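Subject: Structure handover and notes

Dear colleague,

I am passing on the structure below, followed by notes on what was found in it. Please read them with the model open beside you.

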Amino acid sequence: MAEPLVQFREVQKRYGSSVAVRSLDLDIYRGEFLALMGPSGCGKTTTLRMLAGLEAPTSGTITIGGSVMNDVPPHRRNTPLVWQSLALFPFLNVIENVEFGLRMRGMSAKDRRERAMTWLDRMELKGFETRRIDQLSGGQRQRVALARSLVTEPPMLLLDEPLSALDAHLVIRMQGVLTRLQKELGITFVYVTHSQSEAFAMADRVVIMGHGQIEQIGSPRDIFRGPKTRFVAEFVGRNNILAGPVKAGMMETAHGTIPVTAPDGSAEIVVAADRMTIARDRPEGVAIRASFLSEEFAGTGIICYFETPDGAEWKAQVTESQLAELTPESGQPFWLTWDPARVHVMKG
């Protein structure tokens, strides 16, 4: 990994007695696409705003390129921020919006027009120069906002849930645009989102935040298949979690004794929904009894929800053809089973 461009060291942000971010230590590397993800109120947007200079940390230090930035105002950081609302100027046309940052830097009219046109061409907006902002589609506005932020050629771009207002098909297209731009430019992208699909589709590393602190950092695959805490396991993917004491490779659970590959002591295991199997008849090996509740179409499959006798909810992902064979009805009993070798073990 390249050297860190950004370093947070013991950063805390308080609003009165409320702690939004607590003791944050984070390195962000040059040229990486980093996603900050978590539920509402987890501290991800506050972290981004502190990086942008829109909020000052209560304690700790933030450095960019080796320089402490705690008290440096936003306009001196060269860290443009693409907002969820885009914040385009409605009284300026497309090219005037893109030129705005260059004008503030004193670039000549000729040079800024040439550079702005280059970026409009790059964003497939050539021919839209004189359009008003209200004459553009959501995807076009998004690309204008990106061009306006990138035209100054910053070392880092900050993005605060920039795709949340777009239609589903535009989200997929813009994910491709953002990923391509980041790779072509080689600059650092720091992207805040609550959407797992966005973060996992684009980011090199994902930071999962909860209750103002980092729960886990890793590649999308590592986090999806290897959550380190119950918080992450419940937030990411569709996981089933079992906990209990382990002795001699067997875990005692509310559903009986099951084999696990874990040392003696307390442990939690995660069984992903796509690694569950549903059966009408009791299979050999690991199996628990559960009643069918409902189903949810998830694009690549169907998520079936079940309830075990202790009241716990379980999830299993099946294909449409598998669901058609099972024809489950509400309250109908089934057996849920999985391969013990394909579970993820968390420390209890």
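A crossing of two helices is called right-handed if the near helix is turned clockwise from the far one by less than a right angle, and left-handed if it is turned anticlockwise. Please keep in mind throughout that this is a predicted model.

Helix pairs

In that sense, α2 passes α3 in a right-handed crossing. The axes of these two helices, α2 with residues 94-104 and α3 with residues 109-122, come within 9 Å and cross at roughly 125°; since angles over 145 degrees count as roughly antiparallel and those from 65 to 115 as roughly perpendicular, α2 and α3 are therefore oblique to each other. On the α2 side the contact is made by V94, I95, V98, E99, L102 and R103, and on the α3 side by R112, R113, R115, A116, M117 and L120. Sorted by class, the residues of this contact of α2 with α3 are 7 nonpolar and 5 charged, with no polar residue.

The second pair consists of α4 (residues 138-150) and α5 (residues 168-185), whose axes come within 11 Å and cross at roughly 20°, which makes α4 roughly parallel to α5. The crossing of α4 and α5 is right-handed. From α4, the residues G139, Q142, R143, L146 and L150 meet L170, R173, M174, V177, L178, L181 and L185 of α5, and the contact of α4 with α5 divides into 8 nonpolar, 2 polar and 2 charged residues.

Helix α1, which spans residues 44-52, is mostly covered, with 7 of its 9 residues buried. The buried residues of α1 are K44, T46, T47, L48, M50, L51 and A52, and just after α1 the residue G53 takes a positive phi of about 90°.

The open sheet

Turning to the strands, an open sheet is formed by 5 strands in the order β13-β12-β11-β14-β20, with antiparallel pairing. Its edges are β13 (256-259) and β20 (344-347), each of which has a single partner strand, so one side of each is left without a neighbour in the sheet. On average, and with direction ignored, neighbouring strands of this sheet are turned by 40° against each other.

Strand β17 and its partners

Strand β17 (residues 302-307) is mostly covered, in that 5 of its 6 residues are buried. On one hand, 6 bridges join strand β16 (residues 288-297) to β17 in an antiparallel arrangement, where E296 stands opposite I303 in β17; the hairpin of β16 and β17 has 4 residues between the strands, and in this hairpin G299 takes a positive phi near 80°. On the other hand, β17 is joined by 6 bridges to strand β18 (residues 313-318), and these two strands also run antiparallel, with I302 opposite V318 in β18. The hairpin of β17 and β18 has 5 residues between the strands, and here G311 takes a positive phi near 90°.

With best regards

Notes: Residues are numbered from 1 along each chain as its sequence is written. This is a predicted model: local features need pLDDT of at least 70, side-chain atom pairs count only at pLDDT 80 or more; totals for chains, interfaces and linings use all residues. Side-chain values use heavy atoms; hydrogens and water are left out. Axes are lines fitted to C-alpha atoms, for helices over the stretch in contact, and angles run from 0 to 180 degrees between N-to-C directions. Angles under 35 degrees count as roughly parallel, over 145 as roughly antiparallel, 65 to 115 as roughly perpendicular and the rest as oblique. Contact means heavy atoms within 4.5 Å. Ala, Val, Leu, Ile, Met, Phe, Trp, Tyr, Cys and Pro count as nonpolar, Asp, Glu, Lys and Arg as charged, and the others, Gly among them, as polar. Two strands pair if DSSP finds at least two bridges between them. Buried means under 20% relative accessible area, exposed over 50%, partly exposed in between (1.4 Å probe, protein chains only).
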